[in-house]
Amino acid sequence: RWFSNHLLVSKDTTIPSPDDYDEALSSGRLYIAFEILGTPSGLDFHLIDEEGTITEMGGSGPGTMLVARCPTLSDHSPKDGNEPEIQATIFKDGIPWETGCGEHPIAEAGVYRMRIDILPNHLQEFLGEAPMDWVQSYPWVYTNPIRVH
């Protein structure tokens, strides 16, 4: 498979039910990943308001801080011993706004989303005789947006 949708189901559930997946999908708590570059693990993108209330991706609300946790490669992803380079870009209203993982203070309303790019150094041994022809930065993950009031 070349890409997949990753649903973020409630953490209260030990074994998610079909209803948990339906709820995550209808709430927009999901991102897409280009699995051909590796399976992401540990991605998080959410909004925090002054009281510490969290609004997950797909949601809408007030807030003062966006939290962007970059994924790593899952243990199930092919690797050749080289580490990939991962770069996060946060977009506000469709325009690049901030780069990097971590916490990003926000001062104005808008629609924020994150794109993770990957330089797939970890795939060199799988890319034939001229791997460097293919080792360039590619979009890897696109999150759903968070609407900030």
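Trp2 sits in the segment before β1 (4-7); strands (E, at least two residues) and helices (H or I, at least four) are DSSP runs, numbered from the N terminus. The model is predicted, so local features need pLDDT of at least 70 and side-chain atom pairs count only at pLDDT 80 or more, while totals for chains, interfaces and linings use all residues. Residues are numbered from 1 along each chain as its sequence is written, and side-chain values use heavy atoms, with hydrogens and water left out.

Trp2 counts as exposed, at 63% relative accessibility. Here buried means under 20% relative accessible area, exposed over 50%, and partly exposed in between, with a 1.4 Å probe and protein chains only. Together with Phe3 and Ile36, Trp2 makes a nonpolar surface patch of about 380 Å². Such a patch is made of residues with over 30% relative accessible area and no salt bridge, nonpolar side chains (Val, Leu, Ile, Met, Phe, Trp, Tyr) being joined within 5 Å and like charges within 9 Å.

The chain as a whole has one helix and 14 strands. Its C-alpha atoms fill a box of roughly 55 × 35 × 20 Å, taken along the principal axes. Of its 149 residues, 40% count as buried. Among contacts (heavy atoms within 4.5 Å) between residues at least 6 apart in sequence, 64% join residues at least 24 apart.

The structure holds six salt bridges, each a side-chain nitrogen of Lys or Arg within 4 Å of a carboxyl oxygen of Asp or Glu. One of them joins the side chains of Arg29 and Glu23, at 2.7 Å from N to O. Arg29 is buried, with a relative accessible area of 14%, whereas Glu23 is partly exposed at 36%.

Lys92, Asp93 and Glu108 are linked in a network of salt bridges. The side chains of Asp93 and Lys92 meet at 3.0 Å, N to O. Lys92 also forms a salt bridge with Glu108, where the closest N and O atoms are 3.1 Å apart. Lys92 lies in strand β9 and Glu108 in the loop between β11 (102-105) and β12 (110-119), so this pair ties together parts that are 16 residues apart in sequence. Lys92 counts as buried, at 14% relative accessibility.

Asp93 is found in the loop between β9 (85-92) and β10 (95-99). Its relative accessible area is 44%, which makes Asp93 partly exposed. The phi of Asp93 is near 50°, a positive value in a residue other than glycine.

Definitions and conventions: Accessible areas come from the Shrake-Rupley method with a 1.4 Å probe; for residues, only the protein chains shown count as cover.
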